[in-house]
Amino acid sequence: MIRVLTIDGGGILGIVPAMILNALERKLQQYSNNPEARIVDYFDFFSGTSTGGIITALMLAPDESKPGRPRYSTAEIVEFYSEKGPGIFKSTWLRRKLGSVGFATDRYEVAELERLLKRYLGNTKLSELLKPCLIPTYNLELAATYFFCQHDHEGGVDPAREFFARDVCRATSAAPSYFEPATILSESKVQHSCVDGGVFANNPTLCAIAEVGKTDEHYTPINMRLLSLGTGKVKPSFRLRSFQKRIALLNIPDLIQIMMGGVAETTHHIVKNVFSNLKVTDNYLRLDPDMPDAQIAAMDNASPENIQRLRAITEQFISHSEEKIGHWAKLLLQSTELESTGPALSYSKS
């Protein structure tokens, strides 16, 4: 039974899945009687888009002083969003306004995000992450999707597909109109110009299912436990007359929200039905809190006040979901007891 974790994109809303993961990690520590237990110990494959990609990289970053162990706990990742989020999304009112309607390049300077990624991930390479993972982005120059995969280096480092983990995070989180596109280099010095993977896979669950299906073990939902974490959902209504009367540039923020939210919701609908049709509904769990309004759920609303609101909403959701989270912690522990190191993932080279 392969254990898969996927995490949606959503900017500062990454604090939501980070807190859910922290609740799950605490349960795993409690049930295993091991205070050093970490999420990375209980999943075999990870996938995250945009802010979910950042969480994935932080969870899988190795600790140089403790070989084979993760550098950060989920509590430290929650702290990252709480304390560093306001700085990442700091901008002048005029730049935010002009960026949102296409009259400035982007709403936010990217320097603070890049500084933090370098501080937290240093020179860690994609191949050095602790578990197989898939992090999506979109390559502008190739007009094609691109997937950063730790397991591409299973048989040895491939310089053409090797990147600094910090650059992987920068590429997957380059949300259009929020941050400028990322220009990064592979180890073989090939340039890639990328934007946020959320433009096509804000919920990367289908990508993850397809990727683990490519292994020599040919995993399917029948022999898979899949936990999918959203960044909070809200269903704002949009007035037709507003779309008709406004110039196209003014519709950009609403269209981005519709696109990313629609992708995530559609993916969940498909995955839920696939597991249901195969009669393995218990193998899939989606945790995605409802948000009270669009302003709270804005991916760039990183004011200290809104972060506190997001924390309160997520704490309430975790409290209401305690039974589900506890049940999944026990399932993950059972799987680990059956296979002490988890199933090996192997990809035959074509």
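These legends describe close-up views of a predicted model.

**View 1. The whole chain, for orientation.** The protein has 12 helices and 10 strands. It has 350 residues, and 55% of them are buried. Among contacts with a separation of 6 or more, 74% join residues 24 or more positions apart.

View 2. Strand 5 spans residues 133-139. Six of its seven residues are buried.

**View 3. The hairpin of strand 5 and strand 6****.** One of the bridge pairs is Asn139 with Ala144 of strand 6. Four residues lie between the strands of the hairpin. Ala143 takes a positive phi there, near 50 degrees.

**View 4. The largest nonpolar core, with 77 residues****.** Leu5, Leu24, Ile39, Phe46, Met59, Phe148 and Leu227 have the most contacts inside this core. Helix 1 (residues 15-32) gives the largest share, nine residues. A second core of 19 residues is separate; among its members are Val212, Tyr219, Met224 and Tyr347. In soluble globular proteins, nonpolar side chains tend to be buried together.

**View 5. The surroundings of Phe46.** Which residues does Phe46 touch, not counting those up to four places away in sequence? Leu5, Ile39 and Val40 are among them.

**View 6. Helix 1 against helix 3.** Helix 3 spans residues 74-88. The axes of helix 1 and helix 3 come within 8 Å and cross at roughly 160 degrees. Angles over 145 degrees count as roughly antiparallel, so helix 1 and helix 3 are roughly antiparallel to each other. The crossing is left-handed. Helix 1 makes the contact through Ile15, Ala18, Met19, Leu21, Asn22 and Glu25. Helix 3 contributes Thr74, Ala75, Ile77, Val78, Tyr81 and Ser82.

**View 7. Helix 1 against helix 11.** Helix 11 covers residues 304-320. Here the axes come within 10 Å and cross at roughly 40 degrees. Helix 1 and helix 11 are therefore oblique to each other. Helix 1 passes helix 11 in a right-handed crossing. On helix 1, the contact residues are Ile15, Val16, Met19, Ile20 and Ala23. On helix 11, they are Ile307, Leu310, Arg311, Thr314, Glu315, Phe317 and Ile318.

**View 8. Gly232 in its loop****.** The loop lies between strand 9 (224-229) and helix 9 (240-245). Is Gly232 buried or exposed? Its relative accessible area is 18%. Buried means under 20%, so Gly232 is buried. Gly232 touches Val16, Asp288, Pro289 and Met291, not counting residues up to four places away in sequence. Ile15 is 217 residues from Gly232 in sequence. In space, the two are 9.9 Å apart, C-alpha to C-alpha.

Notes: Residues are numbered from 1 along each chain as its sequence is written. This is a predicted model: local features need pLDDT of at least 70, side-chain atom pairs count only at pLDDT 80 or more; totals for chains, interfaces and linings use all residues. Side-chain values use heavy atoms; hydrogens and water are left out. Buried means under 20% relative accessible area, exposed over 50%, partly exposed in between (1.4 Å probe, protein chains only). Helices (H or I, at least four residues) and strands (E, at least two) are DSSP runs, numbered from the N terminus. Two strands pair if DSSP finds at least two bridges between them. A nonpolar core is a set of buried Ala, Val, Leu, Ile, Met, Phe, Trp, Tyr and Cys residues joined through side-chain atoms within 4.5 Å. Contact means heavy atoms within 4.5 Å. Axes are lines fitted to C-alpha atoms, for helices over the stretch in contact, and angles run from 0 to 180 degrees between N-to-C directions. Angles under 35 degrees count as roughly parallel, over 145 as roughly antiparallel, 65 to 115 as roughly perpendicular and the rest as oblique. A crossing is left-handed if the near helix is turned anticlockwise from the far one by less than a right angle, and right-handed if clockwise.
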